[in-house]
Amino acid sequence: MGFSTRLITPLLALVAFPAGAADISGEWSATIATAAGQKNYSYVFRQDGAKLIGTIRSQDGVVAISHGNINNKTVMFDENVTVQGRRAVLEYTGEIVSDTEIRFKRQPAGTQYPVVQFVATRTGTR
């Protein structure tokens, strides 16, 4: 193998296999403005490649996230809630800004309600 082949092969490998998504496993917290006022939320995420599982804790209780996935710097998952006796799905889309910050947008699925924006910060280790 010539010198140029030994130099080019590792470079091609870097291009062919881009860096994976940041690992957001761990504990995160956020304060979200809701119709009922400010609420504190804590999120526990566990990431396995592009798959994301975890829980959401608020004053209303604990629920498991569903349909969680990560694609590069984009985080998406759903939260199933019951509001005034009705079941609803809150859709989350987030952008990983750093190892300690994710900027989220949250909106009830299939509605015209406005999007709620908030920032989650890492509070626990991975």
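**Terms and their grounds**

Tutor: Let us begin with S58, which is found in strand β3; a strand here is a DSSP run of E with at least two residues, numbered from the N terminus. The model is predicted, so local features need pLDDT of at least 70 and side-chain atom pairs count only at pLDDT 80 or more, while totals for chains, interfaces and linings use all residues. Residues are numbered from 1 along each chain as its sequence is written, and side-chain values use heavy atoms, with hydrogens and water left out.

Student: Why is S58 called buried?

Tutor: Buried means under 20% relative accessible area, exposed over 50%, and partly exposed in between, with a 1.4 Å probe and protein chains only. S58 has a relative accessible area of 16%, and therefore S58 is buried. S58 touches N40 and Y41, not counting residues up to four places away in sequence; contact means heavy atoms within 4.5 Å.

Student: What makes V63 partly exposed?

Tutor: V63, found in strand β4, has a relative accessible area of 25%, so the term is partly exposed. Leaving aside residues up to four places away in sequence, V63 touches G54, T55, I56, E79 and N80. V63 and Y43, 20 residues apart in sequence, are 9.9 Å apart in space, C-alpha to C-alpha.

Student: How do you know that β5 and β6 pair?

Tutor: Two strands pair if DSSP finds at least two bridges between them. Strand β5 (residues 74-83) and strand β6 (residues 86-98) are joined by 10 bridges and run antiparallel, so they pair. Within this region, V75 stands opposite G94 in β6.

Student: In what order do the strands close into a barrel?

Tutor: The order is β1-β2-β3-β4-β5-β6-β7-β8, in which 8 strands close into a barrel with antiparallel pairing.

Student: What makes a space a pocket, and how much space lies in the largest pocket?

Tutor: On a 1 Å grid over the protein atoms alone, a pocket is an open set of points with protein on both sides within 12 Å along at least five of seven lines; lining residues have an atom within 4 Å of a point. The largest pocket holds about 880 Å³ of space, a volume being the space filled by probe spheres set on the points. Of its 30 lining residues, V81, V83, L90, R106 and P108 are the closest to its centre.

Student: Which strand gives the largest share of that lining?

Tutor: Strand β6 does, with 5 residues.

Methods:
Helix = DSSP H or I, 4+ residues; strand = E, 2+ residues; numbered from the N terminus. 1 Å grid on protein atoms, 1.4 Å probe; cavity = no way out; pocket = protein on both sides within 12 Å on 5 of 7 lines; lining within 4 Å.
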